[in-house]
Amino acid sequence: MSEILPPSDLPLSNLLPSEPILLMGAGPVPIPHAVAQANGVVINHLGKTMDEVIHRVKKMAAYAFQTQSEHIFGISGPSSAAMEMAISSVLTKGRKVLVLNLGTFSARFGQMATGMQADVVELKNENEPFTVEQVKQALSKDQFHAVTIVQGETSCGVKNIHLEQIAKVVKDHGALMIVDTVCTLTTMPLYMDKWGLDIVVTGGQKGLSSIPGVSLIAYSQNAWDVVNDRISPCPHWCLDPRRAEKFWKHRQYHYTAPVPGILAIHEALRLICNETLEKRFERHEISSKALQAGIEAMGLELFIPEPFRLNSVVSIINPNQIESTKLIQYMINTFKVEISGAFGLDIVRIGQMGEQCRSHNLFKVLYALGMSFQHFGHDLDIAGGMAALEENLVKDSEHFVE
Ligand SMILES: *Cc1c(COP(=O)(O)O)cnc(C)c1O
């Protein structure tokens, strides 16, 4: 008899809620049926079918990134693993990097670069986007090898609206522009080639509406030359892009690819291509603006001013010190909708990424939000808010085909 006994049997169905919770937080987000089905399939990761799948994933990802580059890879890991591949492949000990830190996620680049013993200079902004002037000034002090930026900072809800112009300044300086588009890719315009971005990373579970665990990265030729010229070995064997190229370009073994996740991202990207980026950007813009109008009409206040408010994740000021964990739990229990709190800030956040931007989900989350704040004693015009959401969706309904 073995000494360590198995724990009692507990099927997953006993743990999962009997009615699925609608995920309207800062990610992961709901996935389309085709994505869920693909995620249930395992095939040989080095077989002929997989060859075709990888070929298609790269082509469709190139469309999402808006790049001609062939240096596109999937990564078995969270978006942070893609960020780490970016950082660890082009930074070495002593190389100078400017980290544009707007909050939790953009700061992560700095932590990773510090781990690489790079020379990290951090420029920090609180709840407002970086300006071209700020970056110019920081760059004028030294020669930098790379600059990191986030397109949308999920933790506070700020959009770096000057990204394109900042990228130009960085290019003129001769540094590599590394961009985190985890919560923004395919929800708003981003043109990797046109804007001269060198390394762009994204995850599966946000803008793309795929599953968590498979992420994407694209290198410009410029950035790829830096990777190729590298003499010291990459510190992370799994995150070495030259090893990843074996699988993603030459169809050879690197590590066993996360087959279901790649099949899932194939379907997520296929749906994006079918929708087209233009229509998808429009759907996100209309949905998020309508939701914001509804929130404000209810009598709640948005945390970030309109000119640089991120549409992918909307931050709402928590009035009257309502305990946000209690509010969120009440929303889950009563309305089967989940939103996010925040790291340290007194806000709650509603995600507007991919499948979250469907009118039925918008109505459900706004009603739940209003009713829950009201439950905790904050008086709101719920009917007025719902009407404002509807009015804004209808106003743009000719552009808004589901
Ligand atoms: C969520 C998020 C990340 C981290 O994603 P993980 O998949 O949790 O690693 C990084 N950057 C941004 C902008 C994000 O929204």
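**Strands, cavities and pockets in a predicted model**

Mentor: In this predicted model, strand S9 (residues 199-202) and S10 run antiparallel and are joined by four bridges.

Trainee: Which residue of S10 is the bridge partner of Val201?

Mentor: Val201 has Ile217 in S10 as its bridge partner.

Trainee: And how does strand S2 pair with S10?

Mentor: Strand S2 (residues 71-76) pairs with S10 in the antiparallel sense, over six bridges. Within that pairing, Ile72 stands opposite Ala218 of S10.

Trainee: How many residues of S10 are buried?

Mentor: Six of the six residues in strand S10 (residues 214-219) are buried, so the strand is described as mostly covered; buried here means under 20% relative accessible area.

Trainee: Which way do the residues of S10 point?

Mentor: Val214, Leu216 and Ala218 point one way, while Ser215, Ile217 and Tyr219 point the other way. Residues on both sides are buried.

Trainee: New topic. How many cavities does a search of the whole structure find?

Mentor: The search finds two cavities of 30 Å³ or more.

Trainee: What lines the largest cavity?

Mentor: Its lining includes Gly74, Ile75 and Ser76, together with Ala244, Phe247 and Trp248. S2 and helix H9 (241-248) are the elements that give two or more residues to this lining. By class, the lining of the largest cavity has eight nonpolar, three polar and no charged residues.

Trainee: What about the classes in the second largest cavity?

Mentor: There the lining has six nonpolar, two polar and one charged residues. Among the lining residues are Gly157, Phe303 and Arg309.

Trainee: Now the pockets. Which residues lie nearest the centre of the largest pocket?

Mentor: His55, Lys58, Lys59, Ser69 and Glu70 lie nearest its centre, out of 14 lining residues. The largest pocket holds about 280 Å³ of space. Helix H3 (residues 48-65) provides the largest share of the lining, six residues. The lining has four nonpolar, four polar and six charged residues.

Trainee: And what lines the second largest pocket?

Mentor: Leu16, Pro17, Pro20, Ile21 and Leu23 line that pocket, whose volume is about 170 Å³. By class, these are five nonpolar, no polar and no charged residues.

Trainee: One last thing: how far apart are the end C-alpha atoms of helix H11?

Mentor: They are 31 Å apart. This agrees with expectation, because the 22 residues of helix H11 (residues 277-298) should span 32 Å at 1.5 Å a residue. Gly299 follows H11, with a positive phi near 110°.

Conventions:
Residues numbered from 1 in each chain as written. Predicted model: local features only at pLDDT ≥ 70, side-chain atom pairs only at ≥ 80, totals over all residues. Heavy atoms only, no water. 1 Å grid on protein atoms, 1.4 Å probe; cavity = no way out; pocket = protein on both sides within 12 Å on 5 of 7 lines; lining within 4 Å. Points joined across faces, edges and corners; volume = space filled by probe spheres on them. Nonpolar A, V, L, I, M, F, W, Y, C, P; charged D, E, K, R; others polar. Expected span 1.5 Å × (residues − 1). Buried < 20%, exposed > 50% of the residue type's maximum accessible area, 1.4 Å probe, protein only. Pairing = 2+ DSSP bridges.
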